[in-house]
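Please keep the sequence and the model open while reading.

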Amino acid sequence: MKFREDQDSLGKVKIPADAYYGAFTGRAIKQYHVTGNKSHENLIKSFVMIKRSAAVANMKTKAIDIKRGKAIVAACDKILSGKHVDQFVVDMINSGAGTAFNMNSNEVIANVALEILHKKKGQNEFLHPNDHVNMSQSSNDTYPTAMHVAILMNLKETIPAIDILIKSLSKKAKEFSSYKKIGRTHLMDALPVTLGSEFAAYATSITKARDAIIASQKELQNVALGGTAVGTGANTPKGYRKIAIAELGKISKLSLKPETDMQHGLQSKFAVANLSGALRNLALEIGKIANDIRLMASGPIAGLAEIGIPAVHAGSSIMPGKVNPSLAECMNMVCFNIIGNDTAVSYAVQGGQFELNVMLPGMLKCMLESTDMLKNFLPIFSANLIDGLTANKEKLRADIENSPVIVTLLTPKIGYLKSAELFKESLKTGKTIRELVVSKKLMNNKEIDSLFG
């Protein structure tokens, strides 16, 4: 392999000759072996869009000459088209405040721009990663801004995936609306409900969780670009901030606006914590639904067997014919991971000190991972499990007939104590409440049907 020598403030570093990254990145990739994963595609896009927007703002404020500025813009456009993305090599979790990734971005863009200017990689005297690509910026303000943009971009796909689940649950609510079943509290028999009303309640829960996620986007639309170091806006030309954020909103197709308190924008991660909590709450609701489905589908002989689940693959490598609620189990694991990610985000949010929260890369890794899992798996969970659920109408009806708890519906007519006696007698004799009530001439079959038929 051929190498070139690039220089940074610490000295010279050997870099593969064909690499577009430079000295800072060369040092960073030796230190940050953490997740084994390169940075998320939406983080890369966000940073490149920020660098492009900054270059436009710097040209408009005459902070950079047109030749260099246009080369930077052209380099960014080239990367946004899909070229050189493999050169963003820094691990998703890297240095505090994401400085390593910011510099990875600066170096790649600088070297692509140098080629556009017909110069060689590493000829930074013509166009420098810090002096030109990073002009009017700091990791302090670029990474928090990129964090918001990347999360908002992921949510563009996550929210429609949640809507797919709501639609599937609502469809089942309508399909199952006439199927009565035993309700359960404390895992014990309770008054009858309909299978449809259960699924309608699920749809309501997910709708409320989705609405909270949508509401949390508002704070994320406030970005700290232009705050540079500690929110002071040091080294930015007049008018830069407004132009840069407007350009970023235009290229990202997001409704972005300047954070009103730049110091708050760098030291607090309230907006991220707010969304993380909303994602956690969604996971809690979906996890509960997955749990219920697993219980309702249990059996087919020794369990509840109230619903049937589609067979997406064989359930066992040793027991022929077995069908498991595999997609519900997978959904549970997704939910557990989202809850765990929220815990990590919570610690990272409070782990910042003074004027800068430096825990951003770890925080963002969790946020993008959670939204990725949701946008990837919810459509599969909805189409291949929820949409294929069937009701075991005979079992549902038999459970209502056989459960003594339906005596509760007789209480207004015969009183609590008499109802309790019938409940005990049903358990002792094995006779149904219907049989006992009719034999004791307390009610006839038609009257009973009017209560729970």
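The axes of helix 2 (residues 41-60) and helix 6 (residues 139-175) come within 8 Å of each other and cross at roughly 125°. That angle makes helix 2 oblique to helix 6; angles under 35 degrees count as roughly parallel, over 145 as roughly antiparallel, 65 to 115 as roughly perpendicular and the rest as oblique. The model is predicted: local features need pLDDT of at least 70, side-chain atom pairs count only at pLDDT 80 or more, and totals for chains, interfaces and linings use all residues. Residues are numbered from 1 along each chain as its sequence is written, and side-chain values use heavy atoms, with hydrogens and water left out.

**Helix packing**

- Helices (H or I, at least four residues) are DSSP runs numbered from the N terminus, and axes are lines fitted to C-alpha atoms over the stretch in contact, with angles from 0 to 180 degrees between N-to-C directions.
- Helix 2 passes helix 6 in a right-handed crossing; a crossing is right-handed if the near helix is turned clockwise from the far one by less than a right angle, and left-handed if anticlockwise.
- Helix 7 (residues 195-220) and helix 10 (residues 270-296) have axes that come within 8 Å and cross at roughly 165°.
- Helix 7 and helix 10 are therefore roughly antiparallel to each other, and helix 7 passes helix 10 in a left-handed crossing.
- The contact of helix 7 with helix 10 has 18 nonpolar, three polar and five charged residues, where Ala, Val, Leu, Ile, Met, Phe, Trp, Tyr, Cys and Pro count as nonpolar, Asp, Glu, Lys and Arg as charged, and the others, Gly among them, as polar.

**Arg-210**

- Arg-210 is placed in helix 7 and counts as buried at 18% relative accessibility; buried means under 20% relative accessible area, exposed over 50%, and partly exposed in between (1.4 Å probe, protein chains only).
- Arg-210 and Leu-282 are 72 residues apart in sequence and 7.1 Å apart in space, C-alpha to C-alpha.

**Domains**

- The domain assignment gives domain 1 (3-135), domain 2 (152-221 + 260-394) and domain 3 (404-452), with bounds from an automatic or database assignment.
- Between the C-alpha centres of domain 1 and domain 3 the distance is 77 Å.

**Cysteines**

- The count of disulfides is zero, a disulfide being a pair of cysteine sulfur atoms within 2.5 Å.
- The closest cysteine sulfur to that of Cys-330 is in Cys-335, 9.7 Å away and too far for a bond.
- Cys-330 is partly exposed, with a relative accessible area of 29%, whereas Cys-335 is buried, at 1%.

How values were computed: Helices (H or I, at least four residues) and strands (E, at least two) are DSSP runs, numbered from the N terminus.
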